[in-house]
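This briefing sets out how a protein structure is put together, topic by topic. Please keep the sequence and the model in view while reading.

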Amino acid sequence: METQTARLRLCDLQLAQGSRTVLEHINGEFRDGAITALIGANGTGKSTLIQGIMGMLKPIAGRVECQVPKERRAWLPQQLALDLTFPMSVEELVMTGSWPSHGAFKGYCAAHYRKGREIMARLGISHLAHRPLGELSGGQRQRALIGRTLMQEAELLLLDEPFANVDSDTVEVLMTVLRDMARDGATIIVVLHDMEQLSRLTSEAIVLAGGHARWVPVESFLQQPIADSPAPFLTHAITGVGTC
Amino acid sequence: MLTLLNEWLIAPFDYGFMRRALIASFALSLAAPPMGVFLVLRGMSLIGDAMAHAILPGVALGFLVAGFSLPMMSLGGILSGLLVAVLAGSVSQMSGQREDAAMASFFLISLAAGVMIISLGGSSVDLTHVLFGSILAVNSTSLLLIAAISSLIVITLAVIFRALVVECLDPLFLRGQGVRGSIAHGVFLGLVVLNLTAGFQTLGTLMAVGLMMLPATAARFWSKRLEGLIAVAIGIALVASTGGLLLSYHFNIPSGPAIILLAGVGYVFSALFGSQHSLLRRLRRHAAPLGAPEPH
């Protein structure tokens, strides 16, 4: 496992929101093709860490070493910046994912449209191709957005609560797609609260608490009765901090 | 019957000034509505109005320096419009005040300054002329300028189209791609200023924004697609400008307000009878049965 490459490393990272330090001394790496869950109570810095990794929040100290090119990183935040009233169809949204290869000017060719249709078929949204974004359900919208990241050929994917307000069929489809993406070498980091979904999706997790982060195997805390009150366990799990 | 049609619709354009006016308003009708569509989609419908006021001091200064010279007045308008846009943007960024608040402050200052400058150098006739335009006084130089600016707008809009769409839809996605969406946004605001300066000669600084916004807001009642919105908006603008010119000719009324009022009629008609979200649609709702094929 150690022989595998890791294109994303955090080295003694310190992140702050305004003048308040949220996370410090974060060290660790994310192997290519690994799905890592990010867990922690509200306000422990999950979104801050994601922003730091995406390069949208400048570190106070330390650094994020990411060898994945910027245009192959994708972030699906829980609070979408997506304007749902914009007159755009599902297919058009998926096609905007071809920005890395096509940029602002290059026209889409037939092969590209074909790729878009294959992606929609894979996500089970072919029948929605021409439906406006505003008329989609939460699950359909999430599938379309994952479609965009597939079109983007994302190699680093950060998801914030991707299964919130989503029906169980969609959860299954999305989990399959995420596992496929990981198998193809993508690094995936996913914020999850549901322990059952977590255990099905991944075997590794980062626990955030008290401004620190710790990498732990998922089974180590699934055996404990933490589902109801994870806080004491998380605090316990955080006591050791690795080095870069 | 044919004679009557000819007399009402064709004969007026035997006059050179009417032909020039028609071509000028066609050029504006092709360039302005797409900008309006994007302004509406971005929730910036009132920015056009603010910008229309912002170009006034520059237009007035150009007027003071060179008299009624369209190139000088346009240059002044473009400069003061861009200046206000940049100032409002930077004030809101530095102070954390919302951009619309900064914009509102600056456009009020601009309007007052513009009216003051014109009053210093001219008469109230000049003021009316600048504020409300006179499409029937378009000469060949003005026509060239209007056509050139409109062409530039259409071409630039085509170039930045995808960036603008993606930025409107999901600014975060574009930022993640390492693209500064603010560039597309800035270029777009620049185009709005250009468009208003092209329009002020014919429609006046205060009316020019009407040809931008009214067709765009009306189009919302006819289409759910971006291309549809733009096409319908251009169509409404073309009809309104032709109709407005003819009304202005036959009934001896000012052309700018006639054109904008016709566009306004288009808006009210669309709101009542349009195919999307209109009053009529709300009263007579129906939906395709389950299992029916998706409309394309």
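Among contacts in chain A between residues at least 6 apart in sequence, those that join residues at least 24 apart make up 74%. The model discussed here is predicted. Chain A has 244 residues, of which 40% are buried, and its secondary structure amounts to nine helices and nine strands.

**The three-stranded sheet of chain A**

- Strands of a sheet pair through backbone hydrogen bonds, and the pairing may be parallel or antiparallel.
- In chain A, three strands form an open sheet in the order β2-β1-β4, and their pairing is antiparallel.
- The edges of this sheet are β2 (20-30) and β4 (61-66) of chain A, each of which pairs on one side only.
- On average, and with direction ignored, neighbouring strands of this sheet are turned by 25 degrees against each other.
- Five bridges link β1 (residues 8-17) of chain A to β4(A) in the antiparallel sense.
- Within chain A, the residue that faces A:Leu8 from β4(A) is A:Cys66.
- Helix α1 (residues 46-53) of chain A lies across β1, β2 and β4 of chain A, and its direction is at about 120 degrees to β1(A).

**The six-stranded sheet of chain A**

- A further open sheet of chain A has six strands in the order β5-β6-β7-β3-β8-β9, with mixed pairing.
- Its edge strands are β5 and β9 (212-217) of chain A, and each of them pairs on one side only.
- Strands β3 (residues 35-39) and β7 (residues 187-191) of chain A run parallel and are joined by four bridges.
- A:Ile35 has A:Ile188 of β7(A) opposite to it.
- Helix α6 (residues 168-183) of chain A packs on this sheet, where it touches β3, β6 (156-160) and β7 of chain A. The direction of α6 makes about 145 degrees with that of β7(A).

**The contact between chains A and B**

- Where the two chains meet, 21 residues of chain A are in contact with 18 residues of chain B.
- At least two residues each on the side of chain A that touches chain B come from β5 (73-76) and α3 (99-102) of chain A.
- With three residues, β5(A) gives the most to that side of chain A.
- Sorted by class, the side of chain A that touches chain B holds 13 nonpolar, three polar and five charged residues.

**A helix pair in chain B**

- Helices α8 (residues 140-169) and α10 (residues 181-203) of chain B pack at an angle of about 155 degrees, and their axes are 9 Å apart.
- Because of this angle, α8(B) counts as roughly antiparallel to α10(B); the cut-off for that description is an angle over 145 degrees.
- The crossing in which α8(B) passes α10(B) is left-handed.
- From α8(B), the residues that make the contact include B:Ile146, B:Ile149, B:Ile153, B:Leu157 and B:Ile160. From α10(B), they include B:Ala184, B:Val187, B:Phe188, B:Leu191 and B:Leu194.
- By class, the contact of α8(B) with α10(B) has 14 nonpolar, seven polar and one charged residues.

Technical notes:
Residues numbered from 1 in each chain as written. Chains lettered and ligands numbered in written order. Predicted model: local features only at pLDDT ≥ 70, side-chain atom pairs only at ≥ 80, totals over all residues. Pairing = 2+ DSSP bridges. Axes fitted to C-alpha atoms, helices over the stretch in contact; angles between N-to-C directions. Contact = placed C-beta atoms within 7 Å. Nonpolar A, V, L, I, M, F, W, Y, C, P; charged D, E, K, R; others polar. Buried ≥ 20, exposed ≤ 12 C-beta atoms within 10 Å, placed from the backbone. Parallel < 35°, antiparallel > 145°, perpendicular 65-115°, else oblique. Left-handed = near helix turned anticlockwise from the far one by under 90°.
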